[in-house]
Number of protein chains: 2
Amino acid sequence: MILYIIPTPISEDFEKTIPDYVIKIMHGLKFFIVERARTSRRYIRASGYKGNMEDLTFFELDKRDKNIIPKEFFKPALDGNPIGLMSEAGMPGIADPGAVVVARAQELEIKIVPLVGPSSIFLSLAASGLNGQNFTFDGYLPVKTPELKSKLLFIGKEIQNKGTTHIFIETPYRNNRMVELLLDSFKSDIKLCIASEITGINEYILTKTIGQWKKNKPIDLHKKTCIFLLGK
Amino acid sequence: MILYIIPTPISEDFEKTIPDYVIKIMHGLKFFIVERARTSRRYIRASGYKGNMEDLTFFELDKRDKNIIPKEFFKPALDGNPIGLMSEAGMPGIADPGAVVVARAQELEIKIVPLVGPSSIFLSLAASGLNGQNFTFDGYLPVKTPELKSKLLFIGKEIQNKGTTHIFIETPYRNNRMVELLLDSFKSDIKLCIASEITGINEYILTKTIGQWKKNKPIDLHKKTCIFLLGK
């Protein structure tokens with residue numbers, strides 16, 4: 001009884017970021033739990049799968065409620081067939097759906113095997129030069145102004161007092177607005193790393209102080225995948 | 001001017017966790033900033049490097065003070081030669097030395113390219129089934145009892161109020177003691193994931209509630225690499 005956690009590429013250059021071993025494991029599976037079957041089929045084919053697509057079974061996660069995990073998803077595993085968990089891009093369960101599937105599998109005492117692949121959070125943290133001994137991923141920041149302001153205050157204090165690096169994401173069409181907000185909200189010596197299109201051809205990872213960013217604005221981030229990191 | 005961040009294996013099975021592309025990039029470099037030259041040389045050789053070892057230059061990080069980064073480390077990059085940053089195991093800069101090197105390189109406007117490889121923190125988080133939308137890596141918990149107790153209280157509150165997953169490590173010979181402490185410190189419905197020897201032959205990643213762990217104790221963790229994750 002094995003559930004493989006299968007990372008998928010986060011950019012056009014998938015050969016650079018997925019070990020051959022991970023592709024081989026994936027090609028050996030018949031059952032998958034995925035976000036969207038269509039994308040997963042396309043990726044499996046593109047990765048060089050020579051088998052018959054009709055032999056593969058895809059269970060799709062519920063689009064509206066990620067907590068609904070039908071029991072049938074685990075039947076293949078409980079019958080002795082290894083299954084794979086894949087999200088649309090990146091590492092299932094980290095800033096991505098899939099954690100509830102893994103939690104259920106843990107409860108069923110299915111062995112969980114996480115495989116190596118790209119995580120934009122992790123790659124941008126390493127490339128930021130910010131503190132990697134203590135960091136927090138906040139997901140999306142609150143949308144409403146009062147909650148957002150108090151969150152930014154909290155982040156500022158944690159950077160000051162503990163040296164914690166804070167990592168967060170934003171809806172792509174709001175990225176530029178987020179940069180403006182950050183430049184207005186933090187002291188000039190706080191560092192901001194902007195990491196966009198990680199592992200892609202246009203990868204952009206730049207760390208400057210808030211003061212420096214005010215003088216040298218970043219590239220246009222509109223509709224690009226982007227991670228923001230704040231720290232010392 | 002490029003600084004590659006080069007992850008290295010965290011277990012005996014290195015072919016499973018390092019993409020060929022990363023090995024190729026590494027084999028093309030002549031200059032490295034590393035924790036220990038001896039280990040790095042051995043790894044480069046084991047990974048199939050056919051060139052002459054004498055052609056490679058290794059700059060070693062200061063063992064006592066990670067903040068001392070001599071300017072000569074960056075001379076090759078500033079002269080137009082790509083350089084590689086490697087730690088002993090895993091991803092440089094994340095729960096590992098190297099962040100200060102990257103910070104200095106960012107200041108010098110050297111392009112930073114992070115490469116994909118294994119991180120025990122990220123792999124264990126994905127395999128834990130715990131919340132991956134909001135998590136904190138705490139590094140080592142405080143050693144002294146009062147500070148440790150207040151940290152554990154803080155972690156308990158963050159799990160309860162925000163659903164934050166907390167991830168931390170311990171000196172390997174203290175792992176068993178840490179488990180006992182956690183079982184004594186948290187409510188029975190809090191989940192604890194114990195992740196040991198990630199990516200290795202004896203990989204062990206198990207999530208149970210504190211209440212369940214009290215009834216079914218984990219394997220002996222003495223002197224094993226181990227990550228602890230607490231959450232809901």
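Trainee: Which residues of strand S4 of chain B are buried, and on which side does each lie?
Mentor: In this predicted model, both faces of strand S4 (residues 83-86) of chain B are covered. Ile83(B) and Leu85(B) are buried on one side, and Gly84(B) and Met86(B) are buried on the other.

Trainee: Why do the residues divide in that way between two sides?
Mentor: In a regular strand the side chains alternate between the two faces of the sheet.

Trainee: Which strand pairs with S4(B) over 3 bridges, and in which sense?
Mentor: That is strand S1 (residues 2-5) of chain B, and the sense is parallel. Within this pairing, Ile5(B) has Leu85(B) as its bridge partner in S4(B).

Trainee: And which strand pairs with S4(B) over 4 bridges?
Mentor: Strand S2 (residues 31-34) of chain B does, also in the parallel sense. There, Ile33(B) stands opposite Leu85(B).

Trainee: Turning to chain A, what is the strand order in its open sheet?
Mentor: The order is S3-S2-S4-S1-S5, with 5 strands in parallel pairing. Strand S3 (57-60) and strand S5 (111-114) of chain A are the edge strands, each pairing on one side only. From one strand to the next, the twist averages 25°.

Trainee: How many bridges join S2 of chain A to S3(A)?
Mentor: There are 4 bridges, and the two strands run parallel. One of the residues involved is Ile33(A), whose bridge partner in S3(A) is Phe59(A).

Trainee: Which strands does helix H4 of chain A lie across?
Mentor: Helix H4 (residues 99-107) of chain A lies across strand S1 (2-5), S2, strand S4 (83-86) and S5 of chain A. The angle between this helix and S5(A) is about 140°.

Trainee: What about H5(B), which strands of chain A does that helix lie across?
Mentor: H5(B) lies across S1 and S5 of chain A, at about 145° to S5(A).

Trainee: How many residues of each chain are in contact with the other chain?
Mentor: Chain B has 41 residues in contact with 41 residues of chain A. On the side of chain B that touches chain A, the elements giving two or more residues are helix H1 (20-27), helix H4 (99-107), S5, H5, strand S6 (135-140) and strand S9 (204-209) of chain B. The residues on that side divide into 24 nonpolar, 13 polar and 4 charged.

Trainee: How do S6 of chain A and S6(B) run, and how many bridges join them?
Mentor: They run antiparallel and are joined by 3 bridges. Thr136(A) has Thr136(B) as its bridge partner in S6(B).

Trainee: What rotation superposes chain B on chain A?
Mentor: A rotation of 180° does so, with 0.0 Å of shift along its axis and an RMSD of 0.0 Å. That is the relation of a two-fold axis. Moreover, 100% of the interface residues of chain B are also interface residues in chain A, so the copies meet through the same surface.

Key:
Residues are numbered from 1 along each chain as its sequence is written. Chains are lettered from A and ligands numbered from 1 in the order in which they are written. This is a predicted model: local features need pLDDT of at least 70, side-chain atom pairs count only at pLDDT 80 or more; totals for chains, interfaces and linings use all residues. Copies are superposed by least squares on the C-alpha atoms of residues with pLDDT of at least 70 in both. Two residues are in contact if their C-beta atoms, placed from the backbone, lie within 7 Å. Two strands pair if DSSP finds at least two bridges between them. Axes are lines fitted to C-alpha atoms, for helices over the stretch in contact, and angles run from 0 to 180 degrees between N-to-C directions. Ala, Val, Leu, Ile, Met, Phe, Trp, Tyr, Cys and Pro count as nonpolar, Asp, Glu, Lys and Arg as charged, and the others, Gly among them, as polar. A residue is buried if 20 or more other C-beta atoms lie within 10 Å of its own, exposed if 12 or fewer, and partly exposed in between; C-beta atoms are placed from the backbone.
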